[in-house]
Amino acid sequence: MTNQAYYEAAKEMYASIGVDTEAAMETLRHTAISMHCWQGDDVTGFDHEGPLTGGIQTTGNYPGKARTPEELMADIDKVLSMVAGTHKLNLHANYAIFEKGEFVDRDRLEPKHFAKWVEFAKERGMGLDFNPTLFSHDMVKDNLTLSSPDNNVRDFWIRHCQACIRISEYFATELGQPCVMNIWIPDGYKDIPADRMAPRARFKDSLDQILSIPYDRSKVLVCLESKVFGIGMESYTVGSSEFTINYAASRGILPLMDNGHYHPTEVVSDKISSMLLFFDQIALHVTRPVRWDSDHVVLFDDETREIAKEIVRNDALDRVKFGLDFFDASINRISAWTVGMRNFQKCLLYALLTPNKKLAQLQEEGRLTEVMMLQEELKTYPFGAVWDYFCESSGVPVRENWYDEVKKYETEVLNKRV
């Protein structure tokens, strides 16, 4: 039986519970995921040499890591050829591209250092998102940046973030769509601090200085990302959830939730509805924590599906700015990217194929037995037939066939990188 025939049968079954599969696929085709550039080269970037520092760690040494902007762009293209729709690309500031013999430090970055990325995005009809890079640099002192008691350190990172706002506005202007610019800091202490207030007060002041420069808020959507703990800051993080949410609410910027940045028993899916009641827009980094913020490849798992369902059932696809954030150097990086991108699309489609209004109405009427029954029966509806047809009709590989392309690319391209 053809994918078309399977799809037609699935279409009828979903129609019987009030779900329009054509509308679901059309919505998904126009839903952009922000694809993170740093999976392709293990978060190394192009502005420094040496290991990752500042609470960041990538494990594994699978062959084929991108070493140059050209290689990274080629790898991104390969992934996009296997993912339906038009997406965004999420850059870190350490991916600046300098002309031969040129170098400026992060506090002196300018739009011109990202012109090649803008050209890349324009040719593919993509938008760009952006992140200041407050790690893997000599000016990260004692795991402190924007909260440092050393004014020279703090001022350096303030200038860096201000430069990133200007670069983000350049992206938005050139590409005709807003740029989500996310600030995350590695600041914290390994053991119990003597003073929790002072670092947060300095961080608050640094952020106020960063946001004091003029910029178009319709073009640059500044976000602030929280974290519960990390390598070298196991006991205390300056940018806690409480800090970032309160700061974002008081300054009119977006809070960003990374689902690896909470205690193991917390789930971001449960937080989304609360956040949407108080913010016009929120941002998400979708990852897969394994006991902690380990940034594993995104799977088609319970929590990722629940995150997607919360976005869709609250009609918030235009209010939630979501991107992926993982980096695995132990497996083929192209495969890791592709699995993550396709899986989050699967989660969104699964949510779009759920009779959300019907379920909500049953809950309102107190028919909770029926809610449970229908939620469970939906798990065996022919979602896969719709997904396969979505891929086929979008001109990308169906089912596991994309992996043949990855193996060929590994043989012809990745294995020649030495």
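Reader: Is Ser136 buried or exposed?

Author: Buried means under 20% relative accessible area, exposed over 50%, and partly exposed in between, using a 1.4 Å probe and protein chains only. Ser136 has 5% relative accessibility, so Ser136 counts as buried. The model is predicted: local features need pLDDT of at least 70, side-chain atom pairs count only at pLDDT 80 or more, and totals for chains, interfaces and linings use all residues. Residues are numbered from 1 along each chain as its sequence is written, and side-chain values use heavy atoms, leaving out hydrogens and water.

Reader: Where does Ser136 lie?

Author: Helices (H or I, at least four residues) and strands (E, at least two) are DSSP runs, numbered from the N terminus. Ser136 sits in the loop between strand E3 (127-131) and helix H5 (151-175).

Reader: What is the phi of Ser136?

Author: Most residues other than glycine have a negative phi. Ser136 has a positive value, near 50°. Val43 is not a glycine, yet its phi is positive, about 65°. Val43 belongs to the loop between strand E1 (34-36) and helix H3 (69-80). With a relative accessible area of 2%, Val43 is buried.

Reader: How many aromatic pairs are found in the whole structure?

Author: A pair of aromatic rings is described by the distance of the centres and the angle of the planes. Rings of Phe, Tyr and Trp (its six-membered ring) pair if their centres lie within 6.5 Å; planes under 30 degrees apart count as stacked, over 60 as edge-to-face, the rest as tilted. The search finds 21 pairs. In one of them, Phe243 and Tyr247 have ring centres 6.1 Å apart and planes at 5°, so they are stacked. Both lie in helix H7 (residues 241-251), four residues apart, about one turn. Phe243 is buried at 13% relative accessibility, and Tyr247 is buried at 3%.

Reader: Which pair is tilted?

Author: Trp387 and Phe390 form a tilted pair, 5.7 Å centre to centre with 35° between the planes. They are three residues apart in helix H13 (residues 383-393), about one helical turn. Trp387 is buried at 4% relative accessible area; Phe390 is buried at 0%.

Reader: At what angle do H8 and H9 pack?

Author: Axes are lines fitted to C-alpha atoms, for helices over the stretch in contact, and angles run from 0 to 180 degrees between N-to-C directions. Helix H8 (residues 269-278) and helix H9 (residues 302-313) pack at about 20°, with axes 8 Å apart. Angles under 35 degrees count as roughly parallel, over 145 as roughly antiparallel, 65 to 115 as roughly perpendicular, the rest as oblique. H8 and H9 are therefore roughly parallel.
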